[in-house]
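Here is a short briefing for a reader new to this structure. Look over the sequence and the model first, then go through the points below.

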Amino acid sequence: MTLQPITTSTSYTADRAWLASLHSTDSTETITLDISKLTAGTHHVASTDTTQPYSRVLSGVPVGKITASGLYGAFDPAATDGRQALAGFVFAETLFAPGATKVPAALLWHGVVAAAKVPGGIDPSKVTVSVTGPQIRFV
């Protein structure tokens, strides 16, 4: 029997149209996302590549910190679990395996964001400003 390993590579270019400035992109924080608190098709998409089974969380998803677990989910001003307070935005697209429930990600908590281009949308008037919260300016 002969084994012949095959190597493939796939290249993705993150859509960062939501990012209005490179200011502070070198100062992201590491967070863990709760996939159950993200919406498929809006915040994360499944792979259509037969050689790459991983789904990916989109760059620019607004997130809030879930009080009970310390994980992060999609920002929702109507939530009561902590996600009603914006923590920042997922900076880079993140791959995750089928069945994964938690995914590490980079959080942009300081910078300039084009609100109209955020995946899933965001209404800046629904974001409560806090001196201890994220420092995001919306354009």
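Two strands pair if DSSP finds at least two bridges between them. Strands (E, at least two residues) are DSSP runs, numbered from the N terminus. By that rule, strand 2 and strand 3 are joined by two bridges and run antiparallel.

This is a predicted model, where local features need pLDDT of at least 70 and side-chain atom pairs count only at pLDDT 80 or more, while totals for chains, interfaces and linings use all residues. Residues are numbered from 1 along each chain as its sequence is written, and side-chain values use heavy atoms, with hydrogens and water left out.

**The sheet**

- Strands of a sheet pair through backbone hydrogen bonds, either parallel or antiparallel.
- Three strands form an open sheet in the order 2-3-7, and their pairing is antiparallel.
- Strand 2 and strand 7 are the edge strands, each pairing on one side only.
- His44 has Val57, in strand 3, as its bridge partner.
- Ser55 also sits in strand 3, which covers residues 55–57.
- Ser55 is buried at 14% relative accessibility. Buried means under 20% relative accessible area, exposed means over 50%, and partly exposed is in between (1.4 Å probe, protein chains only).
- Leaving out residues up to four places away in sequence, Ser55 touches Val45, Ala46, Ser47, Thr94, Leu95 and Phe96. Contact here means heavy atoms within 4.5 Å.

**Salt bridges**

- Side chains of opposite charge can pair when their charged atoms come close.
- A salt bridge is a side-chain nitrogen of Lys or Arg within 4 Å of a carboxyl oxygen of Asp or Glu.
- The count by this rule is three salt bridges.
- Asp81 pairs with Lys37, with the closest N and O atoms 3.8 Å apart. Asp81 lies in the loop between strand 5 and strand 6, and Lys37 in the loop between strand 1 (29–34) and strand 2 (44–45), so this pair ties together parts that are 44 residues apart in sequence.
- Lys37 is partly exposed, at 31% relative accessibility.
- Glu93 and Arg56 meet through their side chains in a salt bridge of 2.9 Å, N to O. Glu93 lies in the loop between strand 6 and strand 7 (94–96) and Arg56 in strand 3, so the pair links parts that are 37 residues apart in sequence.
- Glu93 is partly exposed at 21%, and Arg56 is partly exposed at 25%.
- Asp81 also forms a salt bridge with Arg83, with the closest N and O atoms 2.9 Å apart.

**Arg83 in its loop**

- Arg83 is in the loop between strand 5 (72–74) and strand 6 (86–90).
- Arg83 is buried, at 12% relative accessible area.
- A polar atom of the Arg83 side chain lies 2.9 Å from the backbone oxygen of Ala74.
- Residues up to four places away in sequence aside, Arg83 touches Lys37, Gly64, Lys65, Ile66, Gly73, Ala74, Phe75 and Asp76.

**Ser21, before strand 1**

- Ser21 lies in the segment before strand 1.
- Ser21 is partly exposed, at 25% relative accessibility.
- The Ser21 side chain reaches the backbone nitrogen of His23 at 3.0 Å.
- Ser21 and Ala116 are 95 residues apart in sequence and 14 Å apart in space, C-alpha to C-alpha.

Terms used:
Helices (H or I, at least four residues) and strands (E, at least two) are DSSP runs, numbered from the N terminus. A polar contact is a pair of N or O atoms within 3.5 Å; within protein, one must be able to donate a hydrogen and the other to accept it, and residues adjacent in sequence count only if both atoms are side-chain atoms.
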